[in-house]
Structure formats: C-alpha cells, structure tokens
Amino acid sequence: MNENQSTQAVQELSSEKTELKREVGLFGGISVLAGIMIGSGIFYIGGIVLQRAGMSLGLALLVWVVGGLITLMSGICYAELGAMMPKAGGGYVYLREAYGERVAFMSGFSNFILGSSGSNAALAVAFSTSIASMMPGSFFAESGLTQKGLAIAMIVLLTVINIFGIKLGSTVQNIFMVLKMLPIFAILICGLFMGKQNPSLSVIPASNPGFAQICGMVAFGVVATMWAYEGWTNLNGIAEEIKKPKKNLPLAIIISIIGVTVIYVLFNYAVYRVLPYDTIVSMIESGNYYLGTAAAGSLFGSAGGLIVGAAMILAIFNSLNGCVMVFPRTYYAMARDGAFFKSMAKLHPTYKTPVNALVVSGVVSIALVCARDLGQLTSLVAFCGMVFNGLTFYAVIRLRKKYPTMDRPYKVWGYPVMIIIICLIMVGLMINTFMEDPVTSVIGLAVPIVGLVLYELVFKKNREAAVRGEEEEK
C-alpha cells in the first residue's frame, strides 16, 4: 500500500459518513450493551461462582470484581478500535484491517452459522422456557412444541421491529432495559437494607488452601463470570448508527461494563445479606444455584417468585432484542465488502436498516431453535470465539503500526502492556478450554475452516472485484 492509498484508507475508515441512520444516543448505547449483558444469569451464576471460590463469600465477590476488570480491559480495546473506525460490523472490520479478509470472513462466517445465530436461538428458547415456568401444569408448560413456537414467534417479532428502523429497535431496548432493572434493583436495595445477615467477607476459604490454590479458584470462578459479562463486544456492530460515535461509543462501553460490574457485586452481596450462610451452602450442595430467587422469596414471600420470574422474562427479552439488532450488521458489512452474498448489503429504502441481513439472520436462528441439541451446537464455537477475540485485542497493536496517523479519539490505557496482558489471559482461557474439552474445541475450529474454504471457492473473486472497483473509483 503506497502513501496515497494509505491516506485514503485512513480517511475512509475514520469517516463518519454512512448510508445508515445515526439514531442511537449514549443512553441507547448503554441500553444495548447492558441490556445484552444482564440476563437471567444474574440469579444463578453467583451460586456457581461461590462454589468455585471454595464457598468463601469474600473470595466470590473478589472473583466478580476480577471478572469485571478483565472485561473492562477487553472493552477498552474495542473502545479504541470503534472510536477510530466507526463502521458497521465491529470486530469483522478490525480483523479485516489487521489481518486481511480471510481471517475476518472466518470470524463472520462462524458467527453467522452458529455463534451469533446460536445466541439468538438460545435466548429465544430461554424466553419461552421462562414463560412456561411461570405457568406450571398448563398445556404450554408441558408442550415443547408450543414453547419452540413461541421462541420462533419472538425472533420473528423482534426481527420485524428492527427492520422498521434502528430508532424503534433502540426505543424498545431502552424501555425493556428500564423495566427489567426495576425488579433487580428491588431485590438489590431491599437486600442491602433489609437483610439481617452479617456475612464474613474473608477471602480465605474455610479449607485454608495455599496461595496457588486460591489463584486457581479465582481463575476457575472468573471463567463462570465471563458468561455473565458476555455481550460487551456488541455495540461496535452498530457503530454507523450511533450519534457522535467517536465520543459516545467508548463512553457507552466503559460506563456499561463498570455499571454492570457494580450491579453484579452489589446484587451478590445483597443475597449474602438476606440468606444465612448455612442455607447458601445447603442450596449449592444440593445443586440449586438460584440464590437470587431464594433471596427474593425471603424478602417478598410468595410474590418473590413472581418478581424473579418477571425480571428473568424481561431480561431475556431485552437481551434477545439487542442481539437481533446488532448481529446482522456484521453480515451487512461483509456483503458491502463483496465478501458475502450481495443481497445482504441491501438497505430498506425508508428505514435504512439492513433488511435482508436481518431476515436471513432470523431464518438461521429459527433453524437452530428447531435443532435437537442447541447447547451442543453453540458450544462448538466457544473455542474459536476466544481465538478471534484474542486476535481482535492484538489488532490494536497491529493497527497502531499500520495506521500510525489515524485519529484515535480514545486510546487504550497502559498501552501496550494492557494489550499484552489481556491477550495472555485469552491464551490461558483457550488452553484451559482445550484441556477441559479438547474434542469440542477441535470440532469448533472446523467451522471457521469451512468458512475459509467457502471464501476461497465462492467469495474471493467477488471481494477482489469489489477492491478493484474501489481502486478505480479513487
């Protein structure tokens, strides 16, 4: 790439010009991220974390803080990348610029086939299952077919809503973000001020393990918190629809991650204030991790179950709407590059949303809802998902060298040490995942490999033609 081409590339990547509509403000961005991150897991993941922390309440809270810090370290990488390149597609764009189209396509294809579509399907199934749990003994609760029907209906409904404009989708996200936080805050605040327990916050488990063992417990617990913090990458996918993205995108990422971390820590502490320690131990030993549900029952009696049920349903709906909104933007970005089906780059003539990408994403999600073992399908991409996340973090270093003159309204703190640390953490998580489940990890890598073959056979010529066309226009 000569100097003129490099200058043009920098101008195009950093430009805020877009065919899409910028209608998502700072609060809307926070609603998208926090809305996706805070799901039904807030009521049960705390029990899993506590078990992995050797039943030490203080160590469990420390694990939540560490998990939040790791997520924040990861998020600030996306903050720098998103502010300097406010383009639809998020991680796909960063991988393309840092490593080339092949790596970017492998990531996007993996998400299209299983990762993102699988998340939509899993959330839709979880939504219908939560509804069924609120209606025990009914035909709906006993009929798996009916529950799948509701899951499919929710995907269709939210796809249609998001076709009718990013503003409508964002408004729905904002409303349900507020609604779902009401019951969560009710449990949190009442637990903190009405709880009668004085929990011990020693970070040393009763078994008195050594320092190395405690570090192992923290690491094992942090892996569990990653499920609760999942979703922080998704705002970058709609960067072309965010108002003042160079300012609002980094702010939304940082505020969301810090805010969610505080909520998780305080919520779990509120649970410790309400439930006696012996009760917590007894529940976890019996395999019941729903400490948040038990705390609500203790605080509000029979109404506690309804409060938790409502919170879970609202939380899942909020997460599902956010995912339906952001994921198709990656497929749109790929198609715009000539690296995916051309029709996926089509925008709605009135609402300027990637209508075909939204519809196809919905169709693939519905197909996965109908699959027999959804959990097995989505777990296949966990390993390669970590690979691409690690590559995206390292892309900050590569892109600083490739585009040294590009305006960076926001920069990673403690560069490059923080980048190296978070990359090493991702490598550690990948090694741990491979050791725990080598077969699934290897099979999961087959998805991007299939994507690479597909790119070479089908999309390579289209992408090269698109690049030549761009160069001729210049």
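A charge sits over a ring if NZ of Lys or CZ of Arg is within 6 Å of the ring centre and within 35 degrees of the ring normal. This is a predicted model, in which local features need pLDDT of at least 70, side-chain atom pairs count only at pLDDT 80 or more, and totals for chains, interfaces and linings use all residues. Residues are numbered from 1 along each chain as its sequence is written, and side-chain values use heavy atoms, with hydrogens and water left out.

**View A. Arginines over aromatic faces.** R52 lies over the face of F220, 3.9 Å from the ring centre. R400 is placed over the face of Y415, at 3.7 Å from the ring centre.

**View B. The pair F164 and Y351.** Rings of Phe, Tyr and Trp (its six-membered ring) pair if their centres lie within 6.5 Å; planes under 30 degrees apart count as stacked, over 60 as edge-to-face and the rest as tilted. The whole structure holds 22 aromatic pairs. In one of them, the ring centres of F164 and Y351 are 5.1 Å apart and the planes stand at 65 degrees, so the pair is edge-to-face. F164 has 41% relative accessibility and counts as partly exposed (buried is under 20% relative accessible area, exposed over 50%, partly exposed in between; 1.4 Å probe, protein chains only). Y351, at 29%, is also partly exposed.

**View C. The pair F340 and F341.** These rings, F340 and F341, form a tilted pair, 5.2 Å centre to centre with 45 degrees between the planes. F340 is buried, at 3% relative accessibility, whereas F341 is partly exposed, at 45%.
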